[in-house]
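Have your viewer ready and your selection tool at hand. We will go from stop to stop, and at each one you will hear what to select and what to look for.

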Amino acid sequence: MYKGKFVSAVILGGGSSTRMGRDKITADLCGKAVISYSIEAFSDIADEIIIASAKPEKIEAVISDRDFGVPVKVVLGGRTRAYSAKNAACACNQACDIISIHDGARPLIDREAILTALDAAIEHGAAVVSTMLKDTVKRVNDSDEVLDTPNREEMRAVQTPQIFDYKLYMSAVNSCNLDIVTDDAGLIEQYGHKVILTEGSPRNIKLTTPEDFLTARAFLTEGKPLMKIGTGYDVHRLIEGRPLILCGEEIPSKDNLGLLGHSDADVAVHALMDALLGALALGDIGRHFPDNDDKYKGISSMLLLKRVMELVAEKGYRVGNLDITIIAEKPKLAKFIPKMRENLSAAVGIPIDCVSVKATTEEGLGLAGQGIGANATVLIF
Ligand code: MG
């Protein structure tokens with residue numbers, strides 16, 4: 001309850017995303033689905049969240065393993081935004097006092113803007129988040145000839161959330177023409193009720209084109225170092241009767257020698273994971289994948305790498321390049337290196353020319369054939 005009011009937060013996730021060429025609502029943004037940012041923003045303000053989508057199963061797929069601490073329901077969207085909002089509104093809890101309608105393609109909505117609009121909606125019945133215009137606006141005819149220049153001071157760009165007294169909104173929905181409105185406040189205006197605009201933020205952008213993702217990512221990673229580097233080092237002992245796996249590639253060994261370890265003992269990938277975790281200052285692989293945990297017994301280190309890459313994404317970073325040196329007296333590794341680079345390129349999701357794997361011996365002076373070591377350096381940004 002917010003100030004004694006039951007608040008239902010509707011999130012619209014039903015667009016066809018034609019301008020993005022993919023489903024922007026479920027797309028990844030810094031390690032999370034776009035829609036999960038909006039759900040999180042409303043989860044500690046609203047009493048329930050209702051998502052309207054043309055493809056409810058796609059929404060379910062990206063949120064089903066999350067607990068947002070508030071009931072989240074997904075309903076089928078309608079043929080336009082207004083109908084989707086209506087469908088969601090009809091699914092609101094009977095106790096609903098206030099309905100907040102937000103565009104799921106606006107992941108950067110902040111708490112302050114929501115609360116300001118919510119307070120105004122409680123007081124006036126209808127409030128919409130908006131911003132001042134930075135550009136001068138021209139009114140044009142069908143031939144793009146300028147008709148006039150409205151006074152910019154009198155104009156506002158409206159965003160979401162658009163927040164209404166639930167009974168007012170339902171009355172408007174049931175008595176107005178849903179086909180002629182482009183936003184939810186348009187219905188309230190048609191109904192003859194005053195709509196108050198509250199201050200939003202230029203950050204509350206709507207993800208419409210692929211460039212908008214770059215902007216959103218820049219906002220989300222603002223203040224973080226642009227680049228980070230990390231190093232990793234690991235050694236495993238060679239013993240008889242174990243497979244020899246390096247960078248996800250099984251290397252035939254005529255001595256039947258492989259590396260000893262709790263997992264598949266892929267020493268090169270271990271060094272790489274330590275470098276990635278090091279760049280993020282998240283400790284080492286021993287902390288993330290304890291070697292006394294049965295679930296990691298014999299596991300492919302490439303699977304563990306996948307989990308580490310999820311952590312990199314969750315922190316808002318991507319890998320720039322990586323460089324691994326494998327230290328082994330035997331076997332000779334040169335001919336396996338192209339495949340190793342391919343494996344890592346696919347696992348880390350970067351071009352092959354950003355993946356370096358080298359092999360060296362220590363001239364019999366170091367590990368001297370008793371084991372294999374690896375050094376890794378990565379850059380993330
Ligand atoms: Mg290791």
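Predicted model: local features only at pLDDT ≥ 70, side-chain atom pairs only at ≥ 80, totals over all residues.

Residues are numbered from 1 along each chain as its sequence is written, and side-chain values use heavy atoms, with hydrogens and water left out.

**Stop 1: the magnesium ion**

Select the magnesium ion together with Asp234, His236 and His270. These residues are its protein donors, through OD, NE2 and ND1 respectively, at 2.0 to 2.3 Å. Donors here are N, O and S atoms within 2.8 Å of the metal (3.2 Å for Na, K and Ca); water is not among the atoms, so the site may look incomplete. Along the sequence, the donor residues follow the spacing D-x1-H-x33-H. Asp234 belongs to strand β12 (residues 228-240) and His270 to helix α8 (residues 267-279), so colour both elements to see distant parts of the chain linked across 36 residues. Helices (H or I, at least four residues) and strands (E, at least two) are DSSP runs, numbered from the N terminus. Asp234 and His270 are both buried, meaning under 20% relative accessible area with a 1.4 Å probe, protein chains only.

**Stop 2: helix α6**

Next, select residues 184-191, helix α6, and highlight its buried residues: Asp184, Ala185, Gly186, Leu187 and Ile188. Which elements do the buried residues of α6 pack against? Show α3 (81-90), β6 (98-103), β7 (126-132), β10 (156-165) and α5 (166-175); contact means heavy atoms within 4.5 Å.

**Stop 3: helix α7**

Move to residues 210-220, helix α7, where Asp212, Phe213, Ala216 and Arg217 are the buried residues. Their arc around the axis is only 140°, so they lie on the same side of α7; the arc is taken from the directions from the helix axis to the C-beta atoms. Among the elements covering them are β2 (28-29) and α1 (34-43).

**Stop 4: the aromatic pairs**

The whole structure holds two aromatic pairs, meaning rings of Phe, Tyr or Trp (its six-membered ring) with centres within 6.5 Å; planes under 30 degrees apart are stacked, over 60 edge-to-face and the rest tilted. Select Phe164 and Tyr169: their centres are 5.6 Å apart and their planes at 15°, so this pair is stacked. Then select Phe289 and Tyr296, an edge-to-face pair at 5.3 Å and 80°.

Technical notes: Buried < 20%, exposed > 50% of the residue type's maximum accessible area, 1.4 Å probe, protein only.
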